[in-house]
Amino acid sequence: MKTHQKILFPENTKKLLEEELLKARIEIASLKKTVSDHEKHLLEAHKKIASLERIAVDKKKLKKKLNLLEHELKEGYKELMCIYNIFNIMEQESNLEQIIQDIVNVIPSSWQYPDITCSRIMLEDREFKTRNFRETPYKQISNISIYGRNKGTVEIYYLEEKPLCYEGPFLKSERNLIKGISQTLGKIIERKRAEEEIKNSHKKLQELLELLQVIREEERKDIAREIHDELGQLLTALKIDIKWLDKRVNEPELGEKINSMTELIDMTIQNVRRIASELRPVILDDFGLSAAILWHAKEIEKRTGIKFKITFIPEDITMDKNKSVIIYRIIQELLTNIVRHASAKKVEIKLKNKNNKLFISVKDNGTGIEENNIYTSKSFGLLGIKERVHYWGGVLHIKGKHNIGTSVTIILPVDE
Ligand SMILES: Nc1ncnc2c1ncn2[C@@H]1O[C@H](COP(=O)(O)OP(=O)(O)OP(=O)(O)O)[C@@H](O)[C@H]1O
Ligand SMILES: [Mg+2]
């Protein structure tokens, strides 16, 4: 049987051991604290790692979003540039066919792969395409509608296969863009056609106006001749008859009556001549433009006291009858306006025929025409002049200065 033997340490060894134990306990306690501190740090580190991981995920998402936004921005910019280019083309070019060809050429640069993109615009029976045009299976198409009817198409083709996207290899923004282009084209064509129609009807209106003026001149000429010849002759015959009567009548009372009748007939003859001349001055047909203008100015001077200064370079301006009549009528209207509206004392008329151009200038020292009175809806004098001058390929300037006067300048192309 084994018996436990009690070990006996010397008294100081026991003390020593106890001291060592205490030290060990203190050390363990401190170690425990260190471990707990480390555990705390570890926990914090874990937390930090978790939050960093979260930030990293957010960053990834953000980057993805940013990339998407950047892409959308780029596509939007391309779209904008495409529309901007189309408007630029419209501003610089007036010929519709050239506009469409220029548009077809700028379209590919706005698609995702410009180098392998080609396009074609079909409009009614016309075809416009890029130089590299070739039909492939990778196609996008949009209709062109004009006044609500399908009149053509805009087509885009990729010459090579590309990864699938929203619509085949095409992006959603490209669908929007092709739609935008075809709608813009429809509007451009509608506008151009409306402009052309307005231009044509304006041209027709001008031709009609000119024809009316010619007819009016012919009628005036006929009426003037008839009044002058027929009425004039009748009045002259009447005067002869009255003279015949006068010789045979001895009664003083009747004689007086006959005298006053003769005076009346003379006045009527004068009036008939004046009316006939105003309708169509014979002087214009017989002696030409310069003489007719001088005569007309003199008539006004007699009536109103307005003083005229008239210059012709060369002194006798000759041109075909048609143009002479037009110029005479224009000057007649300008002088009528001066009498009616200007309260002028002096008028200066200048006509200069040089280098196949006739310069006409009519200036007065009256009240001065007001800018917003020049072409009003109620008056046709100046508007008629403007239309005629434009019809004959000339230019017209009207300028007024308050209480200084009005100046009208016309330049007309004429044959030598
Ligand atoms: N020389 C002028 N000085 C000042 N105002 C003028 C002169 N000429 C024209 N005007 C102004 O310009 C307006 C337009 O002239 P316009 O000849 O077109 O019409 P109108 O003489 O009034 O009528 P009409 O149709 O019978 O000619 C006139 O009503 C007048 O107010
Ligand atoms: Mg007038």
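Let me begin with helix 1, which is hardly covered, since two is the count of buried residues among its 82; buried here means that 20 or more other C-beta atoms, placed from the backbone, lie within 10 Å of a residue's own. This is a predicted model, in which local features need pLDDT of at least 70 and side-chain atom pairs count only at pLDDT 80 or more, while totals for chains, interfaces and linings use all residues. Residues are numbered from 1 along each chain as its sequence is written, and chains are lettered from A and ligands numbered from 1 in the order in which they are written.

Helix 1 covers residues 11–92 and reaches 117 Å from its first C-alpha to its last, close to the 122 Å expected at 1.5 Å a residue, that span being 1.5 Å times one less than the number of residues. Helices are DSSP runs of H or I with at least four residues, and strands are runs of E with at least two.

An assignment, automatic or from a database, divides the protein chain into domain 1 (78–199) and domain 2 (285–413), whose C-alpha centres lie 53 Å apart.

Finally, ligand 1 has 16 residues around it, of which Asn337, Ala342, Ser379, Gly381 and Leu382 come nearest, with a C-beta atom within 6 Å as the criterion. Helix 7 gives the largest share of this shell too, five residues.

Conventions: Buried ≥ 20, exposed ≤ 12 C-beta atoms within 10 Å, placed from the backbone.
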